[in-house]
Amino acid sequence: MTDDELIRAVNEVFIDSFEIPPEKLTPQALIFQDLGLDSLDVVDLVAAIQKRFKVQVRDDERVRSIRSMQDLYNYLILIRGEQKLG
Amino acid sequence: MTTSLAEAGTHRGSGQRTIGQWAAFLSLNIWFYTIGTLFSFVYVTLAGLWVLLCLAVTRNRRKTQYVIRRAISWYGWVIIRLPWPWARLKFVDYEPDAKPPFVVVLNHRSSSDAYVGAVLPIECVQVLNVWPNHVPFLRFMARIATYLSVREMPFEEFAAKGSRLLQQGCSVIAFPEGTRSGSTKLNSFHGACFRLAQMNRVKIVPMAVFGNERIPARGAPWLNPGKVILSKLVSVKPEQYEGMSAYKLKNMVRDMIAAHLEAQANEARGTAATGAKHAAR
């Protein structure tokens, strides 16, 4: 999976799970402030990402430092090397 | 941080207050804090005795909780109307025949919002943030009325307690912004109360509070004269949010409240512009 494919797949998770308009999904968008997710939505997001990419990220401390979409893309690109993304 | 009386002397929209505005401001605060303190002392004493009597006579926990919750609402009903005629409250109900229990969601501009729910003639509890628990008396009252301190419990516990209340017919009032905006801004919503409504398939009643962002202003004890309009909007029924994500539901309800507040702001601007034209003639 290339970086572009991964970014597209992450955006699809947001569109499918939260019905967020694609134009809002910019790399600079802040997940809490700009997209309006709350802590419970993040639990749903983590579950959706785990299901989509077949990875385990729930207990990873690095997830806590994710603020923006770019942070999320970078994190998933990083763990792509550690775990084989589905 | 609190605001001094000198700082409170500035009037929104017109810089310094005129003598007439100062007179209204001082009359309002002297009246409200004098009569409000006296009323609170007498009411809390009498209501406390009434609750103790209910406990002794009925020994029925459910009935006693009902009496306590209604007693708190009656107290709020008086307190929210006490600033009349300097600060007036207008309540508009767009669906008066809606039957409780509901999950009621309000925008949150001022600490006076805690009382506005008291205009609803229903048994209800509020979802609290952390700060009321720092005031011993409020903490005691919130505990005996089984208010839900959402920050002090995991979501599962909040959902279980909230569901029990709704099943008993008691409505739940929440401020999904989480904290006061202190301005006319509507912040993003938290979804816990919407998930609670979905789990129990109850109506969600959006309420828009307009005009109280300075009654009192955030960080200030002083009330400013003005008019507060509390609108109980048409409820969102379970069949309308069937299959909808909590995220989409909370944003849909937020948009309903935002649209209503925007319409009220436009109306107020129009009224102000017409008034200015008449004054200029």
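1. Helix 1 and helix 3 of chain A are oblique to each other. An angle counts as roughly parallel under 35 degrees, roughly antiparallel over 145, roughly perpendicular from 65 to 115, and oblique otherwise. Here the axes cross at roughly 125 degrees and come within 10 Å. Axes are lines fitted to C-alpha atoms, for helices over the stretch in contact, and angles run from 0 to 180 degrees between N-to-C directions.

2. A word on the source. This is a predicted model: local features need pLDDT of at least 70, side-chain atom pairs count only at pLDDT 80 or more, and totals for chains, interfaces and linings use all residues. Residues are numbered from 1 along each chain as its sequence is written, and chains are lettered from A and ligands numbered from 1 in the order in which they are written.

3. Which residues of helix 1 and helix 3 of chain A meet? Helix 1 brings A:Asp3, A:Leu6, A:Ile7 and A:Val10, and helix 3 brings A:Leu72, A:Tyr73, A:Leu76, A:Ile77 and A:Arg80. Contact means that two C-beta atoms, placed from the backbone, lie within 7 Å. This helix contact has 7 nonpolar residues, no polar ones and 2 charged. Ala, Val, Leu, Ile, Met, Phe, Trp, Tyr, Cys and Pro count as nonpolar; Asp, Glu, Lys and Arg as charged; the others, Gly among them, as polar.

4. Now the whole of chain A. It has 3 helices and 0 strands. Helices (H or I, at least four residues) and strands (E, at least two) are DSSP runs, numbered from the N terminus. The radius of gyration of chain A is 12 Å, close to the 12 Å of the globule rule for 86 residues, so chain A is as compact as a globular protein of that length. The radius is taken over C-alpha atoms, and the rule is 2.2 Å times the number of residues to the power 0.38.

5. Of the 86 residues of chain A, 16% count as buried. Buried means 20 or more other C-beta atoms within 10 Å of a residue's own, exposed means 12 or fewer, and partly exposed lies in between; C-beta atoms are placed from the backbone.

6. Look at A:Val13, in helix 1 of chain A. A:Val13 counts as partly exposed, with 18 C-beta neighbours inside 10 Å. Leaving out residues up to four places away in sequence, A:Val13 touches A:Ala48, A:Ile49 and A:Arg52.

7. Chain A also touches chain B. The contact takes 8 residues from chain A and 11 residues from chain B. On the chain A side, helix 1 (3–18) and helix 2 (39–53) are the elements that give two or more residues.

8. Check the backbone. Most residues other than glycine have a negative phi, and most peptide bonds are trans. A:Lys54 has a positive phi near 50 degrees, and is exposed, with 11 other C-beta atoms within 10 Å. B:Arg201 has a positive phi of about 50 degrees, just after helix 7 of chain B. Two peptide bonds to inspect are cis: B:Trp84 to B:Pro85, with omega about 5 degrees, and B:Pro100 to B:Pro101, with omega near 10 degrees.

9. Is helix 7 of chain B enclosed or open? In this helix (residues 192–200), 7 of the 9 residues are buried, so helix 7 is largely enclosed by the rest of the structure.
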